[in-house]
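My entries follow in the order of looking.

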Amino acid sequence: MAVLRDWVAEDVGLLDAAGLDLSHIDLSHADLADSLLTETALQGARLVRVDLYRAHLEGANLDEADLSGASLVKAELDQASLRGAVLNGADLGSVEMRDVDGRGASFRQASLHGASLTNVDLRSADLTDVSVSETFMQTVFDDQTVVSGLSGTIFGPAEVVAGEGRNTLAGVALESWLNSRGARVRVLPS
């Protein structure tokens with residue numbers, strides 16, 4: 001870990017930490033733009049206001065990590081795990097997320113403008129006051145997913161899990177489901 005801390009302090013360029021175990025490390029405010037963090041273990045890491053612009057986080061484990069105020073613009077998070085992660089106030093503009101476990105994650109006041117969320121599990125996630133604009137949200141919601149204040153435009157469809165059943169909702173049906181729970185979204189035609 002001393003080598004990693006020295007790298008952050010010296011700001012020597014691209015970080016390649018692919019496959020490393022960086023669990024519970026504090027890299028808050030670090031510039032990790034374009035970093036290679038593929039398959040990196042970052043469970044419980046403190047990454048407050050970190051710059052992860054265009055970072056590669058494919059398959060990374062970010063469970064319980066604190067990414068409050070982080071910039072993940074154009075980051076790649078395919079097959080990452082965000083269970084219980086805190087992304088409050090984060091900028092996830094144009095982020096790519098495919099096959100992501102985001103159960104119980106908090107995205108309060110995050111920006112997801114132009115993001116692509118494909119097969120992202122958001123059961124029990126908190127999307128309070130999240131801002132979206134032409135955001136592709138092929139996600140899984142449940143009755144514990146908080147969407148109050150979620151506002152803007154999205155593309156669907158999304159799955160809603162209720163008990164043992166799953167319903168696929170698109171268009172007006174998805175818009176009604178979200179807005180009846182306090183969202184202010186418009187679902188755009190695919």
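Entry 1. I began with the side chain of Asp142: one of its polar atoms lies 3.0 Å from the backbone nitrogen of Gln144. The backbone nitrogen of Thr145 is likewise 3.0 Å from a polar atom of the Asp142 side chain. I take a polar contact as a pair of N or O atoms within 3.5 Å; within protein, one must be able to donate a hydrogen and the other to accept it, and residues adjacent in sequence count only if both atoms are side-chain atoms.

Note on the source. This is a predicted model, in which local features need pLDDT of at least 70 and side-chain atom pairs count only at pLDDT 80 or more, while totals for chains, interfaces and linings use all residues. Residues are numbered from 1 along each chain as its sequence is written, and side-chain values use heavy atoms, with hydrogens and water left out.

Entry 2. I placed Asp142 in strand 4, residues 131–142 (strands are DSSP runs of E, at least two residues, and helices runs of H or I, at least four, numbered from the N terminus). Asp142 is buried and has no salt bridge. The nearest side chain of opposite charge is Arg123, 5.1 Å away. My cut-off for a salt bridge is a side-chain nitrogen of Lys or Arg within 4 Å of a carboxyl oxygen of Asp or Glu; Lys and Arg count as positive, Asp and Glu as negative, and His and the chain ends are not counted. Buried means under 20% relative accessible area, exposed over 50%, and partly exposed in between (1.4 Å probe, protein chains only). Beyond neighbours within four places in sequence, I found Asp142 in contact (heavy atoms within 4.5 Å) with Arg123, Ser124, Val161 and Trp177.

Entry 3. I moved to Glu159 in strand 6, residues 158–162. Glu159 counts as partly exposed because its relative accessibility is 27%. Arg166 forms a salt bridge with Glu159, with the closest N and O atoms 2.7 Å apart. Arg166 is also partly exposed, at 48%. The C-alpha atoms of Glu159 and Leu169 are separated by 6.1 Å, at 10 residues apart along the chain.

Entry 4. How many salt bridges does the structure hold? I read off nine. One joins the side chains of Arg103 and Asp121 at 3.8 Å, N to O. This pair links distant parts of the chain, 18 residues apart: Arg103 is in the loop between strand 1 (96–101) and strand 2 (111–113), and Asp121 is in strand 3 (residues 116–121). Asp121 counts as buried because its relative accessibility is 13%.
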